[in-house]
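Please look at the sequence and the structure below before reading the notes. The briefing then goes through a few selected parts by topic.

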Amino acid sequence: MNKLLGYLFTPIHYLFFGLVLCIFHPVQWASLKFGGLEAHKRSVDLMNFFLVGTYFIMGSSVSFRNVQQLPENRPVIFVANHQSMYDIPPLIWFLRKHHPKFISKIELTKGIPSISFNLKYGGGANIDRKDSKQAVAEILKLGERMEEHNWSAVIFPEGTRSRDGRLKQFAVGGIATILKRCPDALIVPVAIKGSWKFVQYGSFPLSFGEKISWTVLAPLENEGGPLEDLVLRVENQIRAVVEGS
């Protein structure tokens, strides 16, 4: 039934998703030109609010749970598992107080309404996966901006999306690179559950009526020990939520 209803509602979802992107492309441009970075950020936040709204067209439930008292005057590295592109809009909207930035493939900075514009001008890191020196330099610059502006970053340390919801081993590299320029950043795990089911049949049809949740878990301090141990603790916290009952 999820797949059958998906055939009916996926075109409607894509229509509204695309409309939001097309409408907010000039809105972002005007916001940045006439209002600067802060106005641009507000336009991106609002865009992602409406993008999250398109999930409900697919009968999805969206649950974002954050009971942590996270500081707003300190850089944060949100470390999350990654299941689909639909992980991202709720992270931007619900964590908007923390100015979350992303590490993205440089190819995404061209040709996608709104998304490409935001990646170019939003302050994240756009990396060339074929050029390790460029990638490291971009992530270091992101760490510097986080330190200067008290921004946050969202890191997906699995490297690729999980197609079945099972966690892959977390890599340390991206987190370690940011910490070189932003050593006092707070490490905050985020467990994403159910997003992979939304795209379990591919991009068409999307699966109707899936329950998707984001849970912000207890933060961890980087106390100077082996970073591999810290990342493993983060991975285990997320795994307990994602793969638990």
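Val62 has Ile212 in E7 as its bridge partner. The model is predicted.

**Strand E7**
- Strand E7 spans residues 211-216, and five of its six residues are buried, so the rest of the structure largely encloses this strand.
- Strand E1 (residues 61-66) pairs with E7 in the parallel sense over six bridges.
- Strand E6 (residues 186-193) pairs with E7 in the antiparallel sense, over four bridges.
- Opposite Ser213 in E7 stands Lys193.

**Helix H4**
- Helix H4 covers residues 132-149, which makes 18 residues.
- From first C-alpha to last, H4 reaches 26 Å, close to the 26 Å expected at 1.5 Å a residue.
- The buried residues in H4 are Ala135, Glu138, Ile139, Leu140, Leu142, Gly143 and Met146.
- An α-helix has 3.6 residues a turn, so residues three or four places apart point the same way.
- The buried residues of H4 pack against strands E2 (76-80), E3 (100-105), E4 (125-127) and E5 (152-155), and against helix H5 (173-181).
- After H4 comes Asn150, with a positive phi near 60 degrees.

**Val234**
- Val234 is part of helix H7 (residues 227-242).
- Val234 counts as buried because its relative accessibility is 1%, and the cut-off for buried is under 20%.
- Leaving aside neighbours within four places in sequence, Val234 is in contact with Val79, Phe170, Ile187, Pro189 and Leu220.
- Phe170 and Val234 are 64 residues apart in sequence, and their C-alpha atoms are 8.9 Å apart in space.

Methods. Residues are numbered from 1 along each chain as its sequence is written. This is a predicted model: local features need pLDDT of at least 70, side-chain atom pairs count only at pLDDT 80 or more; totals for chains, interfaces and linings use all residues. Side-chain values use heavy atoms; hydrogens and water are left out. Helices (H or I, at least four residues) and strands (E, at least two) are DSSP runs, numbered from the N terminus. The expected span of a helix is 1.5 Å times one less than its number of residues. Buried means under 20% relative accessible area, exposed over 50%, partly exposed in between (1.4 Å probe, protein chains only). Contact means heavy atoms within 4.5 Å. Two strands pair if DSSP finds at least two bridges between them.
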